Each structure stands twice: as structure tokens, then as C-alpha cells.
Amino acid sequence: RLREMDRVRTRFFNNLSHEFRTPLTLNIGPLENVLSGVYGPISSTMRKQVEIMLRNSRRLLRLINQLLDLSKLEAGKMQLHMRSCDLAELAEGVVLSFTAFAEKRSITLHFETNPERLPMVFDPANMEKVLFNLLSNAVKFTPPGGSIRVTLQELPFEKAVELRVKDTGAGIPQTELPYIFDRFHQVDGAVSRVQEGTGLGLALTKELVELHGGRIQAESTV
């Protein structure tokens, strides 16, 4: 019954997502044009407001795309476009994209890879989603003054690579750990209530990692 309820809920959000995505995409274009000066100069106050609108619109679009990705995965229609890429370069790029936001919250963000380059065969677009969701989650739940460490390590005997994202957040109770990759699941706690989410990012991350033939797990101490 729970699985069927989950499927019904996913289908419902999927249908809504298709309806929302087109008008939302059409809104993002004009906002980007305003910031780039296509319609003429704007005041600094107006620029800040448009930037907020654009940031929230992009966040909504990401959520909608995550729902659609989950629906594809559930229906077995998600196809990986595998090619040879440098995982270290991709990971470093994603980490750098969070630098400004981390600095704004006084969070130390550190990236380390061994070896320096890790050429592998994977789907770069979907692996970027994996990395983005993990970093986004870490930044969201790490308090000001905290730190996040991202490490990549080659495991030659297993013919694999290990990616670790470690943060100094409040932690997750042991009773909640088995469920954090479930769809729509949110850890019940003061921090999670303040930092609202949908419970989709980690679920999608797990599906994409396993689609690549990998595995994902979480360790935490409150």
C-alpha cells in the first residue's frame, strides 16, 4: 500500500510538473534579460529584487525537473548518456559553484582529490545532479561558521571511485538514517523545519547513483 501511495503521489506531482515547467521557463528568460540589460539600465534596488525572483524561479525549475526525473526512473525510461569524462574536474566545478554562497554564510568549503585527475565513463549531466544535491544538502544544514569537506579517492582494487561529502551540521539520529534516501522523507527536527525541503533531492541522488552501478550510504552522529 505504501509503494502504491508513493506511485500515486509521484504521478500526481509529475502531472503538475509538466503543467508548471513551460510557464516557469518562459518567466526565467525575461528575468535574465532584465539583469543583462536588454531592456535598459535598472537601479541597484530593482536588480536585487529581480535576482531574488530569478533565483527562486530557478529553484522551482530544479524541483520540477527532479520530480520529472523520478517519474522517468520509476517508469524505467531514464537513459544514461555515458561518455569518458574527468570526474575530478566535474566535482571541482560543482564545488566552486557553491563557493560564493558558502562564503556568505561563513562556511569553509574544501575540495580534495587523489589522484588529481579521474577519467571515468559516466553520464556528466546526471552525475552533476548527484554532486549538486549532495552539496546543496550539506550547505543547507551546516550552520554559519561550519565546514564542508568534499573528497574524491580512487579505489583501484575495487575499480571504483569514492566520493565523500562531510559537514559539521547538527547530524541525523540513527533511527532516521535508513530513511533519508526515501522519497518525500524529511528528518523531524528543529533544523529540518527551519530549512524546508521536499525530500526529493537525496531520493533522486540515490536512484542516479544506483543507475550508474554505484552505491550510496550515510553516516552521522548527532
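This is a predicted model: local features need pLDDT of at least 70, side-chain atom pairs count only at pLDDT 80 or more; totals for chains, interfaces and linings use all residues.
Trainee: Which residue forms a salt bridge with Glu162?

Mentor: A salt bridge is a side-chain nitrogen of Lys or Arg within 4 Å of a carboxyl oxygen of Asp or Glu. For Glu162 the closest N and O atoms are 3.2 Å apart. The partner of Glu162 is Arg164.

Trainee: What kind of model is this?

Mentor: Residues are numbered from 1 along each chain as its sequence is written, and side-chain values use heavy atoms, with hydrogens and water left out.

Trainee: Where in the chain is confidence lowest?

Mentor: The chain averages a pLDDT of 86, and 93% of the residues score at least 70. Confidence is highest in strand β4 (residues 147-155), at 96. Helices (H or I, at least four residues) and strands (E, at least two) are DSSP runs, numbered from the N terminus. With a mean of 44, the lowest confidence falls in helix α6 (residues 190-194).

Trainee: Is Glu32 buried or exposed, or partly exposed?

Mentor: Buried means under 20% relative accessible area, exposed over 50%, and partly exposed in between (1.4 Å probe, protein chains only). Glu32 has a relative accessible area of 34%, so Glu32 is partly exposed.

Trainee: Which residue does Glu32 pair with in a salt bridge?

Mentor: The closest N and O atoms of the pair are 2.8 Å apart. Glu32 lies in helix α1 and its partner in helix α2, so the bridge ties together parts that are 26 residues apart in sequence. The partner is Arg58.

Trainee: At which residue does α1 have a kink?

Mentor: Helix α1 (residues 2-36) reaches 48 Å from its first C-alpha to its last, close to the 51 Å expected; the expected span is 1.5 Å times one less than the number of residues. The bend at a residue is the angle between axes fitted to the seven residues ending there and the seven starting there. A kink of about 30° lies shortly before the proline Pro23, at Arg21.

Definitions and conventions. pLDDT is the predictor's confidence in each residue, from 0 to 100.
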